[in-house]
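I opened this model to look up a few local features and write them down. The entries follow the order in which I checked them.

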Amino acid sequence: MKWIVGGIVVILAGGLIYSRFFKKEPVVEYENRPTVAVEQPQQGNIVLYTDVTGVVEPQSRASVMPKMDGEVLEVYFQAGDTVKAGQPLIKIDSDALTSLQLQVDAAKVALDSANDNLTRTQALAVDGFVSQQALEQAQNSAKSAQISYDSAKHQYDLQVGYTTVTAPMDGVIENRNVELHDHVNSQTAICEISGQNQLEVKFGVTEKTMKNMSLGDTLTVEKNGSSREGNITEIGSMVNSSTGLYDVKASLPQDGSLSNGTRVKITVVMDHADDVMTIPLDAVNYDAGVPFVYVYNNGVAEKTEIETGIYDSDRMQVVSGLNAGDQVITTWSNELVAGQEVLLDNGTDSAEMTTDSSSDSSAESAESSADNEAGADSEVSAK
């Protein structure tokens, strides 16, 4: 009996060892289709910017020049002074005033003489001692003398006014080009005055950028880490021969942080496309310079050539080749080729993998339970 029980124990132990070490493992199949993400084309705007360098200048500026020749007797200003319109700047002594004064004096003598003659002629005409013709001649002579005197007096007063040169506008005097006893004339700029309320920035752009600009467009001006906005006021239609660019001007508010002649960085719109079809830039590939994308179609990646427009760091304009409902593959993979079967990265595949893993775990648990039961039987039998 003991030999029989021992034989049974040996047989059960051998079966257990065989089941543990020689059982056939289930074949695991691995998915070799690449998983991809997709996105439909979107409607949107693409705006491209470029940075240029500009120079800040006053929007209004005047060069002050005397209207008569003469010696500078007094100077009332310094560079950097703030002045008001009509404020005296210099006093001039001119020899022309002496000549004009003599002309006024001579005209006054002639006028007095003509008026005296008219008074006598009128008295004689009343008594009939002079003819009507003589009376009219005396009247005309008096009128002519009055006109000559008024003209001479006007010229004299005008030149007296010119001896004091005044500021033509409110602003700041940028420089001083005159000293006491200098001889000045109508070609001499004694100073320049710039307006205080408004500044402008001048810069040059390429033809492509110029064609994307309009009067009133907003731009950004940056200096020393601070920025402010301006508006385009003037766009040149001819190339500047010295720079090869188109001259542009923009107005800036005067906030005291920018001075005349300061160089600033200006950000302007270089190109733009409004309400166009766009796709992620990373989805676009090139074959011999021809752009294309992969489109998901019933589990297959289809190679689709496209015509592109402008692009920024994120998205590219699609001119033709795609429809609004196309599912463009946005995931890069070295396994992705035309006609390749692919899986969508939408969460369903991972769920299936979880189910399969659960089934495998359940099978292993069942098998382990069977082994434990067999071991327990062996122990009972041994007893």
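**Entry 1: Ser251**

I listed the contacts of Ser251, leaving out residues up to four places away in sequence, and found Gln59, Gln198, Leu199, Glu200, Gly230, Asn231 and Thr233. The model is a predicted one, and I read every value below as computed from it. Ser251 sits in strand S15, which covers residues 246-253. Is Ser251 buried or exposed? I found a relative accessibility of 12%, under the 20% cut-off, so Ser251 counts as buried.

**Entry 2: the whole chain**

I then looked up the totals. The protein has five helices and 23 strands. Of its 383 residues, 28% are buried. I took the contacts between residues at least 6 apart in sequence, and 74% of these join residues at least 24 apart.

**Entry 3: Glu39**

I picked Glu39, which belongs to strand S2 (residues 38-39). Its relative accessible area is 23%, and Glu39 is therefore partly exposed. Which residues does Glu39 contact, leaving aside neighbours within four places in sequence? I noted Pro280, Arg315, Asp326, Gln327, Val328 and Thr330. For the pair Glu39 and Pro280 I also looked up the separation: 241 residues in sequence, and 8.5 Å in space from C-alpha to C-alpha.

**Entry 4: helices H2 and H3**

I checked how helix H2 (residues 96-127) packs on helix H3 (residues 132-162) and found an angle of about 160°, with the axes 8 Å apart. Angles over 145 degrees count as roughly antiparallel, so H2 and H3 are roughly antiparallel to each other. The crossing of H2 past H3 is left-handed. I sorted the residues in the contact of H2 with H3 by class: 18 are nonpolar, 12 polar and two charged.

**Entry 5: two open sheets**

Pro88 has Thr166 of S8 as its bridge partner.

A further open sheet of four strands runs in the order S4-S11-S9-S6, and its pairing is antiparallel. Here the edge strands are S4 (61-64) and S6 (82-83); each has a single partner strand, so one side of each is left without a neighbour in the sheet. I counted four bridges in the antiparallel pair of S9 (residues 171-176) and S11 (residues 191-194).

**Entry 6: strand S13 and its partners**

Last, I looked at strand S13 (residues 218-223). S13 runs antiparallel to strand S14 (residues 226-239), and six bridges join them. Val221 stands opposite Arg228 in S14. How many residues lie between the strands in the hairpin of S13 and S14? I found two residues there, and Asn224 in this hairpin takes a positive phi near 55°.

S13 also pairs with strand S16 (residues 263-280), in the antiparallel sense and over three bridges. For Thr220 I recorded Thr267 in S16 as the bridge partner.

Terms used. Residues are numbered from 1 along each chain as its sequence is written. This is a predicted model: local features need pLDDT of at least 70, side-chain atom pairs count only at pLDDT 80 or more; totals for chains, interfaces and linings use all residues. Side-chain values use heavy atoms; hydrogens and water are left out. Two strands pair if DSSP finds at least two bridges between them. Axes are lines fitted to C-alpha atoms, for helices over the stretch in contact, and angles run from 0 to 180 degrees between N-to-C directions. Angles under 35 degrees count as roughly parallel, over 145 as roughly antiparallel, 65 to 115 as roughly perpendicular and the rest as oblique. A crossing is left-handed if the near helix is turned anticlockwise from the far one by less than a right angle, and right-handed if clockwise. Ala, Val, Leu, Ile, Met, Phe, Trp, Tyr, Cys and Pro count as nonpolar, Asp, Glu, Lys and Arg as charged, and the others, Gly among them, as polar. Buried means under 20% relative accessible area, exposed over 50%, partly exposed in between (1.4 Å probe, protein chains only). Contact means heavy atoms within 4.5 Å.
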